[in-house]
Amino acid sequence: MSTKTTFKRIALVAVAALGLGMLSVVPSSASVGTPTVTLGNGTSTTALNYDSLTAGTFAISARMDTGDSITVGVVTKSIPSGAAANVGQLRYLDSTSAANTFTGVFSLITGGTQVSKLDTATPSATPGFFITSGASGFVGANFRVELDSVTARTVGTYTYTVTVKTYNVGTALAAPITTTDYDVSIVVSAVASASLVASALYSTLGEPSVATKVATVSSTNAAAATLLVTLKNASESTAARESVTATITGPGTIGVSGSSIGKSVVLAYSSTSLTLSVFADGTAGVSTINVSTPSVTFSSKTVTFFAKAATKITASVITPVLGLGPNDNAISATAVDTNGTAWTGAMYIVASAAADALIGGSATAPIGCTYNTTDLVHYCPVSTIAGGTANFKLIDATTVALATATSNEVSVRVSTAVAAAVKISFDKATYLPNEKATISITPVDAAGKNVSAQASLAFLATGGISSTYAFGAASDTLTATTFATSYLTGTKSYTVYMPSASVDVKITATGGSTLPSAGQVAISASATVVDTTVVAAIAAAADAAAEATDAANAATDASNAAAEAADAATAAAEDAADAANAATEAAQAASDAVAALATQVATLVAGLKAQLTALTNLIIKIQKSVAKLRK
């Protein structure tokens with residue numbers, strides 16, 4: 001059945017209901033009671049789905065007499081900016097009074113004006129739902145305020161005004177007894193995949209495109225490095241949109257080329273990524289970069305600005321023996337600036353003197369080196385034209401006169417000789433069972449010196465290298481006769497794993513057809529595999545011997561200590577005897593002194609007594625003389 005047909009049938013029911021309400025002859029003096037309305041706001045998302053669980057709710061209950069009526073309508077009050085105006089609808093759900101008549105099923109809201117689905121002839125007179133009481137008592141109904149399930153939604157709050165009008169029996173619809181408005185809102189939020197909130201779990205800040213850069217500001221001040229910011233929400237979607245704060249501490253500035261640039265900037269994030277640029281400001285040093293959004297704080301990054309000029313350059317020889325012609329990686333170098341920061345600017349190699357340039361390189365026009373960001377070194381080429389030994393230096397400028405730093409001098413040998421023989425060797429003389437070993441084949445000239453790196457030539461005769469004992473699994477195959485040698489070492493190396501038993505291993509080979517007949521001879525090398533049990537026994541014996549030696553030394557030390565203690569005791573006894581004799585002598589001397597003192601005191605006391613006796617006698621005589629004179 002079409003929607004149009006359905007609406008027509010609803011309209012007919014509405015007209016019939018209206019007719020019955022208007023023609024009722026049941027007298028009544030009572031008015032419809034004040035409706036009780038219960039509201040419930042809804043929440044929804046931007047997903048296009050049926051809002052049966054997220055709609056706003058509207059419940060009405062009123063005391064009505066037979067023939068009284070209530071209409072329920074809805075209009076748009078406010079919607080989010082940019083939202084479609086016709087996404088709301090009022091839907092009747094059920095009744096709490098089955099004896100009453102409820103006309104209408106739903107009512108759309110278009111452009112703020114209700115579109116009636118009750119009576120197409122007089123839509124303004126039948127705004128939404130028409131409730132007629134079939135008997136006196138309380139009449140109730142439940143409604144939902146919904147959002148259309150097929151119209152795109154905008155994040156924000158949709159507010160609708162529900163209007164309730166009451167009519168007494170026989171009252172014309174144009175003259176309601178009461179009219180009351182109620183607001184119902186539905187808050188729409190973004191679905192998880194459309195969330196604008198950045199997630200720390202899925203958002204990323206890339207590493208700087210350049211780890212080190214010269215601090216010099218160029219005429220165009222091009223970016224020294226860039227970092228890519230990618231924001232994603234909790235659904236790992238790139239819909240996240242948050243402002244980005246970027247701060248640089250130390251040298252340089254940060255921002256977006258052609259836009260906001262400074263020490264700390266706040267940038268809009270309006271796409272699926274944001275490229276931050278770091279610019280030099282003429283200052284050397286390490287810069288720390290911190291990037292954050294209101295929801296995410298990324299780990300800090302660093303960019304190092306090195307000074308325009310190097311302070312120290314350290315050169316090393318990579319290929320000690322060069323062949324005629326170009327040698328790309330003959331010498332390597334590292335450099336630092338005045339802060340000790342790795343200096344990765346343009347470096348050049350120059351022959352130390354004109355005589356060196358006759359062998360290779362140039363003494364007047366330095367040759368540019370190449371900085372390797374993986375190995376973190378400069379690789380410098382040497383093009384040779386004659387045999388001999390040449391010395392080179394590295395500088396930080398295109399000419400010697402402009403250089404502010406010069407490296408140590410390094411020497412390389414240029415060999416024009418061809419291979420006259422080959423040598424074979426192990427990298428060690430002794431191995432443990434199953435230990436990794438290196439076998440080297442080294443072409444040498446007639447003087448026994450290493451020759452320069454060789455192309456693929458037949459250095460060994462048929463069969464390659466043979467061994468008295470089989471090597472372990474994962475060992476290289478040794479049967480090759482034709483091979484090239486390394487420019488770093490001038491040798492061809494094989495990796496093998498020694499036998500598991502304790503044995504003497506001998507490897508042999510014969511010089512190949514590339515060599516002159518004098519070099520096509522047998523060569524060999526030997527190594528010993530020592531069983532771990534033997535090694536352990538030897539180690540244990542050594543440990544035991546060491547312990548015994550330690551014990552003997554300890555015993556000797558103890559004996560010496562005892563002898564020293566005995567000597568010390570004897571000396572102490574002698575000292576004690578001397579002290580006792582001295583004490584005896586001192587006691588005797590003290591006794592003698594006391595005796596002498598006693599004698600002296602006795603003599604003095606006797607003299608004093610005699611003097612007292614004489615004085616007494618004198619006093620008596622004086623007294624007698626005085627007595628005679630008185631008479």
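User: What does the protein chain contain in the way of helices and strands, and what makes a run count as one?

Analyst: You'll find 3 helices and 40 strands in the protein chain. Both are DSSP runs, numbered from the N terminus: helices are H or I with at least four residues, strands are E with at least two. One caveat: this is a predicted model, with residues numbered from 1 along each chain as its sequence is written, and local features need pLDDT of at least 70. Side-chain atom pairs count only at pLDDT 80 or more, while totals for chains, interfaces and linings use all residues, and side-chain values use heavy atoms, leaving out hydrogens and water.

User: Why is the pair Cys-369 and Cys-380 called a disulfide?

Analyst: A disulfide is a pair of cysteine sulfur atoms within 2.5 Å. Here the S to S distance is 2.1 Å, so the pair qualifies. A search of the whole structure turns up 1 disulfide. The link is right-handed, with 105° about the S-S bond.

User: Which parts does that link tie together?

Analyst: Cys-369 sits in the loop between strand E27 (367-368) and strand E28 (370-372), and Cys-380 in strand E29 (residues 377-384), so the link ties together parts 11 residues apart in sequence. Both cysteines are buried, meaning under 20% relative accessible area with a 1.4 Å probe, protein chains only (over 50% is exposed, in between is partly exposed).

User: What makes a set of residues a nonpolar core, and how many residues does the largest one have?

Analyst: The set must be buried Ala, Val, Leu, Ile, Met, Phe, Trp, Tyr and Cys residues, joined through side-chain atoms within 4.5 Å. The largest has 27 residues, and Phe-58, Ile-60, Ile-70, Val-72 and Phe-143 have the most contacts inside it. Strand E10 (137-147) is among the strands supplying at least two residues; E10 gives the most, with 5. In soluble globular proteins, nonpolar side chains tend to be buried together.

User: How do you know which residues Phe-143 is in contact with?

Analyst: Contact means heavy atoms within 4.5 Å. Leaving aside neighbours within four places in sequence, the partners of Phe-143 include Phe-58, Ile-60, Val-72, Leu-90 and Ile-131.

User: Why do strands E16 and E19 count as paired?

Analyst: Pairing takes at least two bridges found by DSSP. Strand E16 (residues 244-249) and E19 have 4 and run antiparallel, so they count as paired.
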